[in-house]
There are 8 protein chains.
Amino acid sequence: MEQKEIRALLTAVREGSLSVEDAVVQLKLEPFRELGFAKPDLNRGLRQGAAEVIYGAGKTPEQIRDIARALLSGGQERVLITRMSPEAAAVVSAALPLDYRELGKIGILGGIPEPDGDGTVVVATGGTNDLPVAEEAALAAEMMGSRVDRLYDVGVSGLHRLLAHAEELMRARAIVAIAGMEGALASVIGGLADCPVVAVPTSVGYGASFGGLAALLSMLNSCASGVSVVNIDNGFGAGYLAAMIDHMGRRRE
Amino acid sequence: MEQKEIRALLTAVREGSLSVEDAVVQLKLEPFRELGFAKPDLNRGLRQGAAEVIYGAGKTPEQIRDIARALLSGGQERVLITRMSPEAAAVVSAALPLDYRELGKIGILGGIPEPDGDGTVVVATGGTNDLPVAEEAALAAEMMGSRVDRLYDVGVSGLHRLLAHAEELMRARAIVAIAGMEGALASVIGGLADCPVVAVPTSVGYGASFGGLAALLSMLNSCASGVSVVNIDNGFGAGYLAAMIDHMGRRRE
Amino acid sequence: MEQKEIRALLTAVREGSLSVEDAVVQLKLEPFRELGFAKPDLNRGLRQGAAEVIYGAGKTPEQIRDIARALLSGGQERVLITRMSPEAAAVVSAALPLDYRELGKIGILGGIPEPDGDGTVVVATGGTNDLPVAEEAALAAEMMGSRVDRLYDVGVSGLHRLLAHAEELMRARAIVAIAGMEGALASVIGGLADCPVVAVPTSVGYGASFGGLAALLSMLNSCASGVSVVNIDNGFGAGYLAAMIDHMGRRRE
Amino acid sequence: MEQKEIRALLTAVREGSLSVEDAVVQLKLEPFRELGFAKPDLNRGLRQGAAEVIYGAGKTPEQIRDIARALLSGGQERVLITRMSPEAAAVVSAALPLDYRELGKIGILGGIPEPDGDGTVVVATGGTNDLPVAEEAALAAEMMGSRVDRLYDVGVSGLHRLLAHAEELMRARAIVAIAGMEGALASVIGGLADCPVVAVPTSVGYGASFGGLAALLSMLNSCASGVSVVNIDNGFGAGYLAAMIDHMGRRRE
Amino acid sequence: MEQKEIRALLTAVREGSLSVEDAVVQLKLEPFRELGFAKPDLNRGLRQGAAEVIYGAGKTPEQIRDIARALLSGGQERVLITRMSPEAAAVVSAALPLDYRELGKIGILGGIPEPDGDGTVVVATGGTNDLPVAEEAALAAEMMGSRVDRLYDVGVSGLHRLLAHAEELMRARAIVAIAGMEGALASVIGGLADCPVVAVPTSVGYGASFGGLAALLSMLNSCASGVSVVNIDNGFGAGYLAAMIDHMGRRRE
Amino acid sequence: MEQKEIRALLTAVREGSLSVEDAVVQLKLEPFRELGFAKPDLNRGLRQGAAEVIYGAGKTPEQIRDIARALLSGGQERVLITRMSPEAAAVVSAALPLDYRELGKIGILGGIPEPDGDGTVVVATGGTNDLPVAEEAALAAEMMGSRVDRLYDVGVSGLHRLLAHAEELMRARAIVAIAGMEGALASVIGGLADCPVVAVPTSVGYGASFGGLAALLSMLNSCASGVSVVNIDNGFGAGYLAAMIDHMGRRRE
Amino acid sequence: MEQKEIRALLTAVREGSLSVEDAVVQLKLEPFRELGFAKPDLNRGLRQGAAEVIYGAGKTPEQIRDIARALLSGGQERVLITRMSPEAAAVVSAALPLDYRELGKIGILGGIPEPDGDGTVVVATGGTNDLPVAEEAALAAEMMGSRVDRLYDVGVSGLHRLLAHAEELMRARAIVAIAGMEGALASVIGGLADCPVVAVPTSVGYGASFGGLAALLSMLNSCASGVSVVNIDNGFGAGYLAAMIDHMGRRRE
Amino acid sequence: MEQKEIRALLTAVREGSLSVEDAVVQLKLEPFRELGFAKPDLNRGLRQGAAEVIYGAGKTPEQIRDIARALLSGGQERVLITRMSPEAAAVVSAALPLDYRELGKIGILGGIPEPDGDGTVVVATGGTNDLPVAEEAALAAEMMGSRVDRLYDVGVSGLHRLLAHAEELMRARAIVAIAGMEGALASVIGGLADCPVVAVPTSVGYGASFGGLAALLSMLNSCASGVSVVNIDNGFGAGYLAAMIDHMGRRRE
């Protein structure tokens, strides 16, 4: 498509309908504009039903509402708003049909799409206090078109709870392993599963958890293969990446 | 298959050819043995030509040689040895047909298999000092059956070198982004590509790089979606994960 | 016991009263269920009068109340609630006969049991600001069935206060040494006593105490034998461990 | 000029109009007073229209108002107030014609001077959350007499936005590169531009950004030449330094 | 006994065979000498067959030899030397019948005593690289009179290896859990066992293990009850503490 | 004196007026009681007019009032209360003639004594934001009987302000150097003065000051001789130590 | 020039001598190639006599020699080699007329150019141990065409040594302030001078200098305006930046 | 004296024997030269028998020898060389009558002076591994004219060893408390003594001692009054400061 534009421009030059000078100007601007199309596959994927994302933290409720409205009126079918405060949800709800999930501080416009991934994304947490991050991850993956299996509160100090779900873990296309405190969940899951595991350290804990640092270091040092790590509390990033992996097969076609 | 074993055991009990007591013993051991098959898909994948891995650090040359010999005589077609010193290579070479790649401290037995992944894994580095980690990643991915495209020395302080390879980046199934110092490469690549990016901070640098901490924190904070991080200098882990993602499509079948 | 179940199952298979297929399913689930009984001794101990524990932080007052009610109606004689806010105490008190100790933020249902340990657990603190953590430790140990001797405000900068209690220290079965700031108490007590010393760094302090890090590192570096450390401010963990040690003799019988 | 004073004093001594004793006293005080003129060039610069600065943090609104009033009545044409709270702005506005820019928490008295630098100072930010620091930098540079070009939200994960402004970057006399999270902006800009780049890490971010530490380390490790770093969130310091560089040419004359 | 001495002194004063002045001097020295008997129980235990300990690091081979010789000739039956270099072992062996275990850098004089503890101490490690620390712990516990069960290389990324030993874990009187890298072993074992677990982080690892810091923080944050932590690589301290707990029952008598 | 008591006791034993048994008991308690007199000189010093100290942080206003009242009624002439909130001051003022200095959060009962030290203690600060810590130091030193010279806002970025007071610095018996941010003041003063310099890092600053860590490390690394450091914001500790040094000469007599 | 190329291409299309398809291909490659000229001014500057730089660390002596030879034969007049070991110097000297300065580990080919900057760059150090970093900075600036004034060993603990050079500091166009330990030099110089000060923390020191961290944090917190910081021990970066600033005036023309 | 010089200069101006211009030049240079006398008292003290100091680390043996020779030939009676390697000692010994103390890496020229302080400086260490730092401190204090009492290996885990020396501690004019590992010695001594305590953390230890950081933080957090801290392993600084305090009384006269 973009090649078509260049071709059209060149043809216009050849045909004399565009001066060399004007073509020079357009081409000088082109390289950077071209890069605006840097993610064609993803864009395509998104246009096929997945969501555009607004990072809500540090934005006023009104800013969020206006961006969301602009996206929808611009043709975007679905919008995902992360780190959305209840106050922002109230403001957006007054203007748009918002589906607000307070636990994960997630706002949804346009509904969750039908899953169209290759399999299932598992979102597992060590404890109940990790649920907000887990919901952010799970809803992000769902908005990107993945089927999500939630395995909450399966921390390693009660191993039987985790092992009772060994089959879900082994069947998954990608797993998001979320844990605070000592973060051992990622290693144990990484040893059980044979798909990519995206580990999310959380800031849950106290004392020597140092705001998630203990879990972060623990996860980075995981001896299990196939484990990688995102930022502390970055549920969205993990859910997005897991959904991306869950769509690798389809993309191949 | 494993169900078949249980079924056979139960049938033997029913038929009286196995005593209840003996069956009890076998079943008590079973659950844990069963977990030994925890990664059937991967095992399958490995049996189809990919390599078994020996982590060479902290092992004597003789230990490495003996483990390698045992694996090969046990039917393993290929063996990958990481963090292998030249001394260990000399010892193993005396006994086995070793292909030793000194730059990445990688030893290969049985040769690199034909690629059978979904596409290409790109391994990109910020500077020439990151090459050892990069070769560890690239050879790991190749031994796991991926085609690897090496983009070395494309650091962000000379952006044109990286942009000159934008097409390879956009075509990749998975990218390993390796950088020391400030680690910005992962973010820039994450912004250009639309496949999973596995970031590897390296200990290359001095002063406030603090042995790779600066690059690690930088990569964890990447604003780009689809980026996750492994341990400092963990080229193998990144190459393995990238190859795993590169085989997601085939697995789907 | 669990062997009996397997034997019964196998006998049923042999006798034809259970199909091989159904037995397969039950056995596949078994290993994980089996692990549910992983702590029989402790469970037994707890059933003999000690408390079930609810970690109150991050739970709403209503959640705490409902869990507590469920435990009690499920036959649990006593319930210990840690990190319980006064607000939660008010809500629980309205429904259940709660004994709330505000200093340690501990709630008790069912009363403190008669001590049935081997001897005495000493809970010692460096300063008066460490009392909340100390009370959490002391009440945890008491709820687990230990007799507790409280030695508060015996910090090492006034050594005579500590030495005046040398006899209690030497007579103890386990000692919980709690200190913020420089955390020297654990080393000094470790040098005086000859029983296990569980050190608890506290976040009491300012400046270079860095939220308890100084005390934590100090305690980890203790030159005295028999000293081990739990997380900053983890009074419950220390009290629980001390009570466990205080019951080692009984368990032996 | 200051030599003139000494000369006058010496002449007074020679002429007998000043006693040796009194001269001794004046000269004993002189060295330190003399150092009060330690920045003659800058003072000159400032007298030619630039601003005196009040650091507003930790001062009461009344203190700020009184200092500002004293400066203006002392002949200072312009005053720049940084880290100024809206409360302080309200108090000062009641007494003086304040131009308050809430985004950057900057108060201006006497207006922004006509630019008299050598060229343009570019202030670039990675994200919209960095705007407060950016405005502090931009207004500081403007009050010091520089023309400022604002390039906001040109973070490296969307490289085309930055490249679209490559020309501004290449034309600048000095660039202030402001970014939180991974701080890669400084390296990328440092690689594109050939003027001094003053990098400002910001505390924007969460988790492993550790209050700006990740961006700080990243920027210190920049591989690009010509990049130096100021304290986290120190927009003023960066803007001031950039303006100083932007006046180097004029000073040469 | 010590009371007997005081009584004898007082009787001597009463009987006039000791002057008041001389008694003053002796009593002034007494309190501190008295504290020399601060650990009577332990001393008793040690006299009943357990070992005196020499910390070998930072001592010359000759110093170690001389201290060992002095201890033996002073009546000590057994001597345990930790952190002993092969060089020191050579020097000591030339003079004394040393049993040197190079893996754990442990020297033994007088042989390992018959176990006289309450049960078994389990020493478990995550990987083979942790063996030196593990042997230091195991031999320390054995020299203190405990029976030791070694479970090596049972890291959490291959959970079945650990679970295959669940029974040993559940039967133990105390467990030393040793792991580098992510240190998850302590949490998983803490969840399986119901005896005190002494966790030892090791400096095994690279990159973000930061010399054992990752494992240390992970273990301190363990969610499992009954887990406490000693210094990085402190195998001796953990083995000593585990043996102390393993003798709690006997002491009770 | 204490020898006299022992002598009296022994004489009583010799004379038969005290039984051997009773003497044993008294002597067993003695060592620890004796240590209660561990600081006789200081106590004497304090009784000669200096103040008893109450650390106000973490105490309720009522606790502070009651302790103060007890001290005064127990014969203490003066009481110094540090880290005292305005709320606590209000409560204490209602009951006692409190002299409250809000800037340093210091409460004084009994007035400041006449200076009786050897010379002058200088309290110097880098900036105006360090004043609360400085006042804590200055008033502590004054309450301990020292004459205090306050040199505020003499930071090293405006060296002439500091040098203008070179004579006070050179004449001092002890100097308290207080600075946040980069903490360079201690080194510069240490180079100018030839008396002990007690450096106090403050938590004043932002960004990479990390709550005073930057100033703390800077001061610990001071190249100047005679400089030592106390905890961040520990004005009291520095003032107390400086006053102690300022009384060394008198003590010698 | 580059516009000329585009114009030529477009003209060729218009004239039919280049097919539209071929032009598309060339233009698609263009943007990135174009960026290869991203630093035209600097390149120009360098061609006018300044040096090309080889970072010697991590390169073999032979690699350095070959790169240097290639640069010289490619027309480069001068080459600067940093972090060059004596071994590398020996190898290069055998082939090329190398001027090796061992103190700064700097190799020079083609000689130092005549200074053509606007004024003088001052390189100041706190102690003699900082000299290697200082020489790296000074020679880098000289090779970039600046006149350098070396003020070595003027640390702040002996202020008079620094003040004796106040005039040089005030006359400088840019100052490189190099210090380890407490790093106070940057602040003091920043307060005296009115030109940009580039601060270089060094790893000189011990204990709490933590490899330069103390000096780094100190310099980042400098209260003086006009101070910015580069990486620990990065003498080259500072010298390069100072020389860049020293040429700002010339560039303006 | 210096006033005399100014007066002479002014008189010369008045009398016409010095031109105004020449006086201007001399006066412009004066202030800085004047500061060269900044430490008259100390210098005087040193001239009265104490030592000049050479910091040996980072200097070649020849440099040390030459500086020492220059000092002696310049009239210095005694020279103290710290951090002196055996190699340097050999070189210096060949030329000068060196008294080398290898344990503390201290070289002495001119002998140790007769003590002329007010009392005794106690140097106490926690363990035998701290001896090198302790000897550096003790010899530094002795070279500065203090009588030193060495209390080595009195760590807090064996409290009786320390308490046996309580009298020495209470009689001291200043105490240097040296300890690695947990650094509790400073707090305990600070609680026993009533003179200034200079705490020296040492890098002795392993694991979580982090090169002395644990001891450093512990000492900074000491609850005992009168304790201040110097850099890790800075025996010289502590000994120098203690000797300075030990001479406060004499100076008063």
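This is a short tour of a predicted model, stop by stop, with something to select at each one.

Residues are numbered from 1 along each chain as its sequence is written, and chains are lettered from A, with ligands numbered from 1, in the order in which they are written. Because the model is predicted, local features need pLDDT of at least 70 and side-chain atom pairs count only at pLDDT 80 or more, while totals for chains, interfaces and linings use all residues; side-chain values use heavy atoms, with hydrogens and water left out.

**Stop 1: chain A**

Select chain A and colour it by secondary structure. There are 12 helices and nine strands; these are DSSP runs numbered from the N terminus, helices being H or I with at least four residues and strands E with at least two. Chain A has 253 residues, of which 59% count as buried. Buried means under 20% relative accessible area, exposed means over 50%, and partly exposed is in between (1.4 Å probe, protein chains only). Take the contacts in chain A with a separation of 6 or more: 68% of them join residues 24 or more positions apart. Contact here means heavy atoms within 4.5 Å.

**Stop 2: the sheet in chain D**

Select chain D and find its open sheet of four strands, ordered β1-β2-β4-β3 with mixed pairing. Two strands pair if DSSP finds at least two bridges between them. Strands of a sheet pair through backbone hydrogen bonds, either parallel or antiparallel. The edges of the chain D sheet are β1 (52-55) and β3 (99-101), each of which pairs on one side only. On average, neighbouring strands of this sheet are turned by 20 degrees against each other, direction ignored.

Now pick β2 (residues 79-82) and β4 (residues 106-109) of chain D, an antiparallel pair with three bridges. Val79(D) has Leu109(D) of β4(D) as its bridge partner. Axes are lines fitted to C-alpha atoms, for helices over the stretch in contact, and angles run from 0 to 180 degrees between N-to-C directions.

Stay in chain D and select Thr202(D), in the loop between β8 (197-201) and α10 (213-220). Is Thr202(D) buried or exposed? Thr202(D) is buried, with a relative accessible area of 0%. Leaving aside neighbours within four places in sequence, its contacts include Asp130(D), Val133(D), Ile178(D) and Asp233(D).

**Stop 3: strand β4 in chain H**

Move to chain H and show the side chains of β4 (residues 106-109). Ile106(H) and Ile108(H) point one way, Gly107(H) and Leu109(H) the other, and all are buried. Strand β2 (residues 79-82) of chain H runs antiparallel to β4(H), joined to it by three bridges, and Ile81(H) has Gly107(H) as bridge partner. Strand β3 (residues 99-101) of chain H also pairs with β4(H) in the antiparallel sense over three bridges; there, Asp99(H) stands opposite Ile108(H). The hairpin of β3(H) and β4(H) has four residues between the strands, and in it Lys105(H) takes a positive phi near 55 degrees.

**Stop 4: two loop residues**

Select Lys105(G), in the loop between β3 (99-101) and β4 (106-109) of chain G. Its phi is positive, about 55 degrees, although it is not a glycine. Lys105(G) is partly exposed, at 37% relative accessibility.

Next select Arg83(E), in the loop between β2 (79-82) and α5 (86-93) of chain E. Phi of Arg83(E) is near 50 degrees, again a positive value in a residue other than glycine. At 21% relative accessibility, Arg83(E) counts as partly exposed.

**Stop 5: chains B and G**

Show chains B and G together. A rotation of 89 degrees with 0.1 Å of shift along its axis superposes chain B on chain G, with an RMSD of 0.5 Å. That is the relation of a four-fold axis. In chain B, the C-alpha nearest the axis belongs to Phe210(B), 7.5 Å from it. Copies are superposed by least squares on the C-alpha atoms of residues with pLDDT of at least 70 in both.

How many residues of chain B are in contact with chain G? Nine residues of chain B are in contact with 13 residues of chain G.

Finish at Gly211(B), in the loop between β8 (197-201) and α10 (213-220) of chain B. Gly211(B) is partly exposed, with a relative accessible area of 39%. Not counting residues up to four places away in sequence, Gly211(B) touches Ser203(B) and Ile232(B).
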